[in-house]
Amino acid sequence: MSQVMDKSTGNPDEDRVSLKSDGKTPTASPGVLQTLRQSIRRAAEKSPLASGGKGSGVTTGDDSGARPPPSASLRLGSPVTSPLKIIGGLFSRKEEDDSDAAPQKGKDPNMAGFGDSLMKTGASIRRSLRIGSKKDKPCRPEPLVSLAEGSAEERKDHKEEEEEEACQEMEESYTPLEIPHTPLSVMQINKLIDNEVLEEAHLNLLALRQEFQQERERCGEDSPMELAKKEKDLNLLYGDLRNKVNTIVRDSNSLPSRNKGLLVPVARIIQEEERRAEEPGGLAGSWMEAWREAVGEGVQAKVSSVHLERREQNVSWLAVHLGLLGRTVVEDLESVKKELRCSYPPSFKVFSTYVRSYHRVLGQHMKKLDERATERKDLYALLDWIINRYRSERVMGSVSLQPDMKDESADLQLEDELLMQLKDKFCCRVKEDMSSSLDGVIRLEHEEVWRDGSSPQKEDDVLNSPFHMDIWTTVKGNVQNSGAIDAQLEQEVISCCLQELSTFPKRFETEFRRHCSALRPKPLWTEYQITYINCFTALQQHMEEYRDSCPDQVDGFRQEATSLIIRLNQALEDQFKDDVKPYLRRMMTRKWLTNDEDFGQLHGRMELLSQHCALMRPPHNQEFASRLHYHVVREYVGQLMKNNYSCKNRKHEKAASKMRLQWGKLSDLFESMKSTHEWLYAVGEDLSDVIVQKNKSDIKNHLQPLVEHYPDFSRKHLVAVLYFRGLLRGREHQLILQRHTELRKKLGGGGDRSRVLFGDMQVTVNTDCLSNLPFSCLSFLLPDN
């Protein structure tokens, strides 16, 4: 062995010369062979498995029944079965004696006796395991049942009972096997590791480690080159053993039938190395921690093996992947629970380790998926899986994993801020999609309505366009979906939708005016404006349901929508005012007194206005009617204040009659439109009563209702009315003005000052200076004086 060790150098490739020996397997000397045989016999005789004591580290939990792999060859072409490997196969329920097996062809006949001895030893240990079971049950021969006699259901139940009985955790404590006095060569130990004869390899490693410790104690600080080489060989062998252990553990959940029998010695090796961690010659680092890392690598391999399509191949690529991922997690943990856990002592906490590894590995996997997910539906699927589905009965809450999960966390181990970043990314995508949806609303309105000049639809007897329902459905869908994930995301989504929606009214108005300005002043333009007043009113009402969650955002949208509604209403008012302006200007004139054409046109426009108001949603229909009611009254009565015509030769009676008739028609129309300005109805009657009086002296007796109803009816307004009546000056004129003054003083400036009608009317100044002189100045001209 020293010759082999002398070939080692500092080069990593050269460090393994002692293990590979230039690619040639050394031939074992008779002394080495004898030592191996004695070591095997001592191990079998002194093993706690043979005594059947409670210190046994192995239970009858493996029903694989597979033959152990061959041990390392002591000579080329002469495989020898390790007795410790045979122990790994003792968990089979079959009571068979391998020692009776005939030598197979191709084996060295010189080693047949040695192999038979090993097989007999293994059979003896198996029988001792049967007798020394945990519950000391007596061995009873199982009844032989023909396949034809036992039903499939009975066989299935029997199998399930066997599996349930078999899958019990190993005993925590155990009695280590005796370490050989003389270890095998480095190459032989390496072969044992390669062939997965781990028990025997580890025992010889421990023997080599003891030699190293003894030599180190003898040499002290003066370590010869031979000791340094032995330490290097120890490190290399231990590294190979750990790598082999890690590989077995890593693949144990992927290849349970192959690696299940190897996990028992793996667990005992880890336990023994953890116990000897402070002794020199071992490998740096915790074996238990390395085992956890290997479990994590196995979990990583499982997760990486789950099929993941590209977005171009399947639009539901992420949802499909997450579904497969959840199923894989459940199936793997079920396998750990039923098959792997029984191969470890309780202190390993196998199920918990796998669960935590999945939490960590899947948390890292979520970050990779986040980098690929860009669409809203994919981000939603990812968030829903992380927050809801992973902890639900579909994955970690699965019935098959209970009750082992009761003490385990069901949450993914995500990187800091990953969940918040995902939510922010989702909200940004919601906002972008909301903006695109609103652009689509405008585009669709142009294609279906504006471009062809189509008439708006009617719904519940009002003009309507369905786009407000489309917007509401989009917002509601986003809110409900995000609410299914969590309340915080729901509130953020509401805020995003309303923020984007607050810019929509101006965008809509711009496009509407650009495409439809050529329609003015056609009736279709009016219908469009009424339609959009209705739509944005309805949209405001829809968004009110989110006031409790996002009051500021709701107010922001409401303000923008209200501004648009006001502008649309104002455009309608301006259009109506422009239409009726020429007819109102010709009221209270000579033509008006003799011709009804202008009033007929005015009345026709008013009737059309009434029809339009009926197509408008509350409360805008009533507000619109009230504003135009005020406008018509002010302009109609205002013609009296312009001194355009004075009724002479008793024409005032005809004028008053006509005025009363027309006023009744206008009032009826505004009443049908449900105008809220009821206080305006009396002005026509009050003025007609003043104008119709035959005797001038009777006029002052009919002033009180006018002054009471309209406190802003001033002296100059009365002068204008008297001028239209045909009373320009004189004593009666002054007495009427004096009576007006007295009435106003008597009321003390009372009345409802909020009802201003005459105050907004301009009065044309009368150039007749005598008409404005005070009565005291003219009293000396009276006949009595």
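Arg650 lies in the loop between helix 25 and helix 26, helices here being DSSP runs (H or I, at least four residues; strands are E, at least two) numbered from the N terminus. The model is a predicted one, in which local features need pLDDT of at least 70 and side-chain atom pairs count only at pLDDT 80 or more, while totals for chains, interfaces and linings use all residues. Residues are numbered from 1 along each chain as its sequence is written, and side-chain values use heavy atoms, with hydrogens and water left out.

**Backbone features in the loops**

Although Arg650 is not a glycine, its phi is positive, at about 65°. Its relative accessibility is 48%, so Arg650 counts as partly exposed; the classes are buried for under 20% relative accessible area, exposed for over 50%, and partly exposed in between (1.4 Å probe, protein chains only).

Glu417 is another non-glycine residue with a positive phi, of about 70°. The loop that holds Glu417 runs between helix 16 and helix 17. Glu417 has a relative accessible area of 54% and is therefore exposed.

The loop between helix 16 (376-389) and helix 17 (418-450) also contains Pro403. The peptide bond joining Gln402 and Pro403 is cis, with omega about 0°. Pro619 is in the loop between helix 24 and helix 25 (620-638).

**Helix 24 and helix 26**

The axes of helix 24 (residues 597-614) and helix 26 (residues 651-672) come within 10 Å and cross at roughly 10°. Axes are lines fitted to C-alpha atoms, for helices over the stretch in contact, and angles run from 0 to 180 degrees between N-to-C directions. Helix 24 is therefore roughly parallel to helix 26; angles under 35 degrees count as roughly parallel, over 145 as roughly antiparallel, 65 to 115 as roughly perpendicular and the rest as oblique.

On the helix 24 side, the contact (heavy atoms within 4.5 Å) involves Phe599, His603, Met606, Glu607 and Ser610, which meet Gln662, Lys665, Leu666, Leu669, Phe670 and Ser672 of helix 26. Sorted by class, the residues of this contact between helix 24 and helix 26 are five nonpolar, four polar and two charged. Ala, Val, Leu, Ile, Met, Phe, Trp, Tyr, Cys and Pro count as nonpolar, Asp, Glu, Lys and Arg as charged, and the others, Gly among them, as polar.

**Helix 9 and helix 10**

Helix 9 (residues 186-194) and helix 10 (residues 198-219) have axes that come within 8 Å and cross at roughly 150°. The two helices, helix 9 and helix 10, are therefore roughly antiparallel to each other. Their crossing, that of helix 9 and helix 10, is left-handed, a term that applies if the near helix is turned anticlockwise from the far one by less than a right angle, with right-handed used if clockwise.

From helix 9, Ile189, Leu192 and Ile193 meet Leu198, Glu200, Ala201, Asn204, Leu205 and Leu208 in helix 10. The contact of helix 9 with helix 10 has seven nonpolar residues, one polar and one charged.

**Salt bridges**

How many salt bridges does a search of the whole structure find? The search gives 43, a salt bridge being a side-chain nitrogen of Lys or Arg within 4 Å of a carboxyl oxygen of Asp or Glu. Three of these pairs are tabulated here.

| Salt bridge | Closest N and O atoms |
|---|---|
| Arg514 and Glu511 | 2.6 Å |
| Arg547 and Glu544 | 2.8 Å |
| Glu742 and Arg739 | 3.8 Å |

Arg514 and Glu511 are three residues apart in helix 20 (residues 504-516), and so are separated by about one helical turn. Arg514, at 55% relative accessibility, counts as exposed, whereas Glu511 is partly exposed, with a relative accessible area of 23%.

In the second pair, Arg547 is partly exposed, with a relative accessible area of 26%. Glu544 is also partly exposed, with a relative accessible area of 26%.

Glu742 and Arg739 are three residues apart in helix 30 (residues 731-747), which means a separation of about one helical turn. Glu742 is partly exposed at a relative accessible area of 40%, and Arg739 counts as partly exposed at 29% relative accessibility.

Salt bridges also link Glu272, Arg275, Arg276 and Glu279 in a network.
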